[in-house]
Amino acid sequence: MSSASHPSLSLSLLTGRNTDAKLPRSTRVMNKTAAPIQITAEQILREAREMQEPEIRPPKQKITDSDELADYRLRKRKYFEDAIRRARWNTGIWVKYASWEESQGDFARARSIWERVLDVDYRNPTLWLKYAEMEMRHRFINHARNVWDRAVALLPRVDQLWYKYIHMEEMLGNVAGARQIYERWMEWKPDAQAYVPKGRAKDLHNVDYAANFEKQYGDTADAIILGKRKLKYEEEEEEEEVRKKPFEYDSTNRKLLETSCRRRRFN
């Protein structure tokens with residue numbers, strides 16, 4: 001075998017050194033005791049965040065020309081449409097899109113977006129609430145009535161939609177309309193919570209409010225009927241509680257009776 005065919009062999013013969021690649025020697029930790037100052041992972045992450053350079057944001061753009069405004073709106077709408085195309089079921093994107101169109105004063109486009117998202121998820125009461133609130137904010141009363149009317153027709157079991165609808169009519173002074181909506185709601189026979197919600201004495205549309213409403217606007221007969229209705233539901237709730245916990249009520253009544261007897265004996 002000639003040395004010309006193996007240059008590494010001839011090089012080793014000339015230099016007298018081994019030319020094979022050698023791996024670095026592994027370092028050994030001589031002192032394995034804990035350091036006096038311990039560094040936690042939280043401290044490492046905090047220092048890493050502090051060392052990061054601040055985020056570079058583009059400067060705020062001032063629009064001074066109608067062409068620039070049109071170009072800005074076009075880019076913004078393209079951004080929202082692309083986001084909707086990627087995640088059609090994400091209602092948050094739809095809400096931001098409609099709110100942006102509202103901020104631009106283009107209410108026709110905003111309504112179009114609300115209608116499109118309702119086609120996606122009309123069972124979401126939050127969408128109906130935000131849609132109607134937009135119309136109310138800008139005093140589009142007939143549009144707001146249309147939204148509330150459709151909402152309670154499609155979701156009659158959502159009490160909040162009825163509350164808001166009645167409240168709007170009352171604020172407008174439409175007493176007959178508010179009463180009519182309330183009667184429509186009662187036709188669905190809502191739960192007792194809709195009449196007398198516990199812990200919500202100041203609720204706008206419970207029976208106390210409805211009775212005061214009728215007294216204020218002169219219909220005393222309806223006020224008496226509503227008061228009786230409230231008493232009826234309160235009695236039914238008490239009977240239901242007694243039925244669920246009879247022993248507790250028996251023991252409580254027994255203690256009250258014994259206390260009353262002792263008081264009479266001493267007197």
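Which residues does glutamate 102 touch, not counting residues up to four places away in sequence? Hi everyone, let's work that out together. Please keep in mind that we are looking at a predicted model.

Glutamate 102 sits in helix 4, which covers residues 91–103. Its contacts, leaving out residues up to four places away in sequence, are Phe107, Ala110, Met134, Arg137 and His138. Is glutamate 102 buried or exposed? Its relative accessibility is 13%, and buried means under 20%, so glutamate 102 counts as buried.

Now let's turn to a pair of helices. Helix 6 spans residues 125–137 and helix 7 spans residues 141–154. The two pack at an angle of about 165 degrees, and their axes are 8 Å apart. Angles over 145 degrees count as roughly antiparallel, so that is what we call helix 6 relative to helix 7. Their crossing is left-handed.

Who meets whom here? From helix 6 we have Trp128, Leu129, Tyr131, Ala132, Glu135 and Met136, and they meet His143, Ala144, Val147, Trp148, Arg150, Ala151 and Leu154 in helix 7. Sorted by type, the residues of this contact are ten nonpolar, one polar and two charged.

Let's pick one of them, tryptophan 148 in helix 7. With a relative accessibility of 1%, tryptophan 148 counts as buried. Apart from neighbours within four places in sequence, tryptophan 148 is in contact with Leu129, Ala132, Met136, Leu161, Lys164, Tyr165 and Met168. Take alanine 132: it lies 16 residues from tryptophan 148 along the chain, and their C-alpha atoms are separated by 6.6 Å.

Technical notes: Residues numbered from 1 in each chain as written. Predicted model: local features only at pLDDT ≥ 70, side-chain atom pairs only at ≥ 80, totals over all residues. Heavy atoms only, no water. Axes fitted to C-alpha atoms, helices over the stretch in contact; angles between N-to-C directions. Helix = DSSP H or I, 4+ residues; strand = E, 2+ residues; numbered from the N terminus. Parallel < 35°, antiparallel > 145°, perpendicular 65-115°, else oblique. Left-handed = near helix turned anticlockwise from the far one by under 90°. Contact = heavy atoms within 4.5 Å. Nonpolar A, V, L, I, M, F, W, Y, C, P; charged D, E, K, R; others polar. Buried < 20%, exposed > 50% of the residue type's maximum accessible area, 1.4 Å probe, protein only.
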